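Please examine the sequence and the three-dimensional structure shown here before reading on.

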Amino acid sequence: MDQAPASPRMQAAPDLQLEPLAQASPRYMLVLAGNVLPDRPRAQVCQNLARLLKQELPQVEQLLNGRARVIKKQLDLETARKYQQALEQAGAECSCLPMPVERQAVVHQPSLNWSQSAPEPAPEEASRASFQGASDRITEKLGLARIEGFSLGTFFSEVFSKHSPDEVERMLAVGTPDTTPPLDPSMGVMPNPWIFFRVLSGSLLTYIIFLYAWKEFENIHVLPGLILMGSFAVPFSVLILFFELNTPRNISIFRVFQLVVTGGAISLLVSLFLFDVLDFMDIFGASSAGFIEETGKLLALLFALRKIKWERYPYQLNALLLGAAVGTGFAAFESAGYALRIGLMNQAAMLANIQVRGAMSPFAHIVWTAIAASAFWAARPWYTSHTDTLLSQRFLRLFMVPVGLHFVWNMDFTGPFMLKYVILGFVAWVVVISLTQSGLKEIEALVDQTEPATP
C-alpha cells in the first residue's frame with residue numbers, strides 16, 4: 001500500500017527501530033479449509049467429523065461450507081500434526097501453519113515539545129463500555145450474574161450469513177425423545193441466532209401482502225389474516241430467537257406451538273378471572289396488570305406442563321423458552337383483541353395499533369414471562385411442591401422483576417421519545433441475557449461432570 005508523504009513533524013523524528021521480541025518455542029495453528037478431501041464422500045466425512053469433534057451434523061456441516069477457519073491455536077508442532085492427521089483421516093482438508101511472529105516497535109525519540117494526550121476510545125469500545133456499566137448496575141441491584149463478554153455484533157453475526165433451507169429444517173427438527181442430542185461442550189457457548197430473522201422477514205412480508213390487499217380492495221375477508229399476521233409476526237419471531245438460545249435442543253417446536261396456543265389462551269382466561277375477583281383495578285388502575293397478568297401467565301405455563309415430568313425440561317434455558325412461548329401467545333392474542341376492538345371504530349387507528357404493538361412486543365410480555373418462568377425454575381428444586389415454590393422468597397425475588405416492569409409499563413406516562421419503554425425494554429433484556437449466560441454456565445458445568453477427560 002502506498003504511504004502518504006511524511007509531514008515535516010514526522011520527518012523531524014528519528015527513524016523507528018524494530019526490535020524482535022524474545023524468541024520462544026515455535027507455535028502452530030490448525031486451519032480447517034472448509035472442504036472435503038478429493039474422492040471422499042461428503043456425507044461420510046460429516047459423520048466422521050461429528051464423531052471426532054463430538055458435534056451434531058448441522059454444526060459439522062457449517063465447518064465444511066468452503067470457508068477456511070482457524071480451529072486450534074498455540075499448539076506445539078507434534079500436537080498440531082496429530083490433530084491434522086486425525087482430521088485428514090476423517091476426510092477434511094486442513095493444514096498446520098506457524099503462528100505469526102509478533103514484533104514490537106520501540107520508538108527512540110528525543111524530548112520534543114509535542115502535545116501528549118491519551119487516545120480516545122473507539123466509538124464501539126465506548127458504547128460497549130457504556131452498556132457494560134449500565135448492565136452491571138442492573139444485575140448487581142437484582143442479584144443476578146454479571147454479563148460477561150456480550151456483544152450485539154457477535155451475537156447477531158450469523159443473521160445475514162447464507163444458510164440453506166435444509167439447515168433451518170435440521171435446526172427445528174429437535175426436542176423429541178428421539179431427536180434430543182446429548183449434552184456437549186458447544187451447548188455451553190452463546191449461540192449466534194439467525195433463523196428468527198428469516199421468520200421475521202417472511203412474517204412481515206406476509207403482513208405487507210395482507211395490508212396491500214386490505215387497502216387496495218377493502219374486502220372484509222382480508223381482515224382476519226391482516227390482524228392475525230400483524231399480531232403474531234414480531235412476537236413469534238422473538239420466540240424463535242428464544243428457541244435458538246435453548247442450546248440443549250430438548251424442546252420440540254410442537255411443544256412450543258402448544259404453549260403459544262394453549263398456554264396463551266389459558267393465561268388470558270386466568271387473567272380475566274383474576275381481574276374479576278380482585279379489586280386491584282380500583283387501587284392501581286391499569287398497572288394492576290403487572291400483578292395479575294404475570295401471575296396468570298405463569299400459572300398457565302405450570303398448568304399446561306402439569307403432566308410433564310420435571311426431568312424433561314430441567315434447565316434454566318428451558319424455562320426461558322417455555323415462558324417466552326406462553327408470553328408470545330398472550331401478547332399476540334391480546335394484540336389481536338385490541339386491533340379488532342379499535343378496527344370496529346377506526347380502521348386507520350387499527351393499523352397504527354397493530355404496528356406499534358408489534359414493534360414494542362419484543363420488550364414486553366414475551367421477555368416478562370420468560371423471566372417469570374426462570375424465577376420458578378431456579379427456585380423449584382429447593383421445595384417439594386409448586387405452592388411452596390410460588391410462596392418462597394427465592395422465587396418472589398426474581399418474579400417481582402417482570403411484575404415491576406409490567407407495573408411501570410402501564411403507568412400513565414411515557415416521557416420524551418417513549419423513553420419509558422426504551423428503559424424498561426433495556427432492563428428486561430439485560431435480565432434475559434444475564435439469565436441466558438447463567439443457563440449456559442449450567443450446561444457447561446453439567447458437561448464437565450459427565451464428559452470423560454480427554455487424554
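The following questions and answers concern this predicted model.

Q: How many helices and strands are there in the protein chain?
A: The model is predicted. The protein chain has 455 residues, of which 42% count as buried. Its secondary structure amounts to 18 helices and 5 strands.

Q: Among contacts between residues at least 6 apart in sequence, what percentage join residues at least 24 apart?
A: The contacts considered here are those in the protein chain between residues at least 6 apart in sequence. The share of these that join residues at least 24 apart is 78%.

Q: Which residues is W377 in contact with, leaving aside its neighbours within four places in sequence?
A: With neighbours within four places in sequence left aside, its contacts are L301, L302, L305, W310, Y313, P314, Y315, Q316, A319 and L322.

Q: How far apart are the end C-alpha atoms of helix α12?
A: Helix α12 covers residues 289-304, which is 16 residues. At 1.5 Å a residue, α12 should therefore span 22 Å. The distance between its end C-alpha atoms agrees with this, at 21 Å.

Q: Which helices do the buried residues of α12 pack against?
A: The buried residues of α12 include A289, I292, L298, L301 and L302, as well as E293, E294 and K297. The buried residues of this helix pack against α10, α11, α13, α15, α16 and α17.

Q: Which strands stand at the edges of the open sheet?
A: The sheet has 3 strands in the order β3-β2-β4, with antiparallel pairing. Each edge strand has a single partner strand, so one side of it is left without a neighbour in the sheet. The edge strands are β3 (69-75) and β4 (92-98).

Q: Which residue in β4 stands opposite Y28?
A: Strand β2, residues 28-36, is joined to β4 by 6 bridges, and the two run antiparallel. In β4, the residue opposite Y28 is P98.

Q: What angle does the direction of helix α4 make with that of β4?
A: Helix α4, residues 77-90, packs on the sheet and touches β2, β3 and β4. Its direction and that of β4 make an angle of about 165°.

Q: Is H163 buried or exposed?
A: H163 lies in the loop between α6 and α7, and its side chain makes a polar contact with the side chain of E167 at 3.2 Å. The relative accessible area of H163 is 15%. Because a residue under 20% counts as buried, H163 is buried.

Q: What is the C-alpha to C-alpha distance between A331 and A364?
A: A331 lies in helix α13 and is buried, with a relative accessible area of 6%. A331 and A364 are 33 residues apart in sequence. In space, their C-alpha to C-alpha distance is 8.3 Å.

Technical notes: Residues numbered from 1 in each chain as written. Predicted model: local features only at pLDDT ≥ 70, side-chain atom pairs only at ≥ 80, totals over all residues. Heavy atoms only, no water. Contact = heavy atoms within 4.5 Å. Helix = DSSP H or I, 4+ residues; strand = E, 2+ residues; numbered from the N terminus. Expected span 1.5 Å × (residues − 1). Buried < 20%, exposed > 50% of the residue type's maximum accessible area, 1.4 Å probe, protein only. Pairing = 2+ DSSP bridges. Axes fitted to C-alpha atoms, helices over the stretch in contact; angles between N-to-C directions. Polar contact = N/O pair within 3.5 Å; in protein donor to acceptor, adjacent residues only side chain to side chain.
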